[in-house]
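Me: I should like to learn how to read the features of a protein model, one at a time. Could we begin with the way strands are paired?

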Amino acid sequence: MINTTSWQPDTCGCVLYYEWNDALPPASRVTTPVDQVTLADGTVKTTVKCAAHQAAATTTALHTMVRGENQGKNRALNAALQSLPRLQTTVNGRAELVEGVGINAVFDANRTLTFVVTGIDLLPAEQSVLDAAVAAQYQPAVVR
Ligand SMILES: [Zn+2]
């Protein structure tokens, strides 16, 4: 049976749809970007392109663009945390930001990945380490 999945990334306002066939074993399943899906109740859902991604010419191009930004943001966030261990603590075996510290990773209107670190004063050397860690994972990017 063909199943559908929707995805609303945390990096923009797009709403994307995928189809996949659950008759195939998990290792062989392919998720295919589609422009429109029909839900079990007959409701038709159509891709929503946010203002930043209006230029995407095809559904596949849109998915590639949005996924690239989203995965880049995730890699950069992970690299940022790895590069500055003092931003993190371990709570019940899980890594978490130190209380009071925030990292907001968003794309600006020019699709530059913008990291804003709050609640902690970074030393100049730490700022450099963070800049490099983020830039190695996604460009263009800035850290504030
Ligand atoms: Zn978008």
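Reply: Strands of a sheet pair through backbone hydrogen bonds, either parallel or antiparallel. In this predicted model, strand E1 is joined to strand E2 (residues 16-21) by six bridges, and the two run antiparallel. Within this pair, Asn3 stands opposite Trp20 in E2.

Me: In what order do the strands of the open sheet containing E1 lie?

Reply: The order is E1-E2-E3, three strands in an open sheet with antiparallel pairing. Strand E1 (2-7) and strand E3 (32-34) are at the edges with a single partner strand each, so one side of each has no neighbour in the sheet. Ignoring direction, neighbouring strands of this sheet are turned by 35° against each other on average.

Me: Which helix lies across E2 and E3?

Reply: Helix H1 (residues 59-83) lies across them, and runs at about 115° to E3.

Me: How many residues does H1 have, and what distance does H1 reach from its first C-alpha to its last?

Reply: H1 has 25 residues and reaches 36 Å between those two atoms, close to the 36 Å expected at 1.5 Å a residue.

Me: Which residues of H1 are buried, and what covers them?

Reply: The buried residues of H1 are Leu62, His63, Val66, Glu69, Lys73, Ala76 and Ala80. Their cover includes E2, E3, E8, E9, H2 and E10.

Me: How should I read a nonpolar core?

Reply: In soluble globular proteins, nonpolar side chains tend to be buried together. Here the largest nonpolar core has 14 residues, and those with the most contacts inside it are Ala76, Ala80, Leu113, Phe115, Leu130, Val134 and Ala141. H1, E9, H2 and E10 each supply at least two residues of this core. Ala80 illustrates the contacts: leaving out residues up to four places away in sequence, Ala80 touches Ile103, Phe115, Leu130, Ala133 and Val134. There is also a second, separate core of five residues, which includes Cys14, Tyr17, Leu62 and Val66.

Me: Where is Val142, and with which residues is Val142 in contact?

Reply: Val142 lies in strand E10. Leaving aside neighbours within four places in sequence, Val142 is in contact with Thr112 and Thr114.

Me: Where does Pro85 lie, and is Pro85 buried or exposed?

Reply: Pro85 lies in the loop between H1 and E6. Pro85 is exposed, because 9 other C-beta atoms lie within 10 Å. The C-alpha atoms of Pro85 and Val98 are separated by 9.8 Å, while the two residues are 13 residues apart along the chain.

Me: How are E6 and E7 joined?

Reply: Four bridges join strand E6 (residues 88-91) to strand E7 (residues 94-97), and the two run antiparallel. Gln88 has Leu97 in E7 as its bridge partner. E6 and E7 form a hairpin with two residues between them, and Asn92 in the turn has a positive phi of about 50°.

Me: Finally, how should I take account of confidence?

Reply: Where pLDDT is low, the predicted coordinates should not be read in detail. For this protein the mean pLDDT is 92, and 100% of the residues reach 70 or more. Confidence is lowest in E7, at a mean of 87, and highest in strand E5 (residues 44-46), at 95.

Terms used: Residues are numbered from 1 along each chain as its sequence is written. This is a predicted model: local features need pLDDT of at least 70, side-chain atom pairs count only at pLDDT 80 or more; totals for chains, interfaces and linings use all residues. Two strands pair if DSSP finds at least two bridges between them. Axes are lines fitted to C-alpha atoms, for helices over the stretch in contact, and angles run from 0 to 180 degrees between N-to-C directions. Two residues are in contact if their C-beta atoms, placed from the backbone, lie within 7 Å. A nonpolar core is a set of buried Ala, Val, Leu, Ile, Met, Phe, Trp, Tyr and Cys residues joined through C-beta atoms within 7 Å. A residue is buried if 20 or more other C-beta atoms lie within 10 Å of its own, exposed if 12 or fewer, and partly exposed in between; C-beta atoms are placed from the backbone. The expected span of a helix is 1.5 Å times one less than its number of residues. pLDDT is the predictor's confidence in each residue, from 0 to 100.
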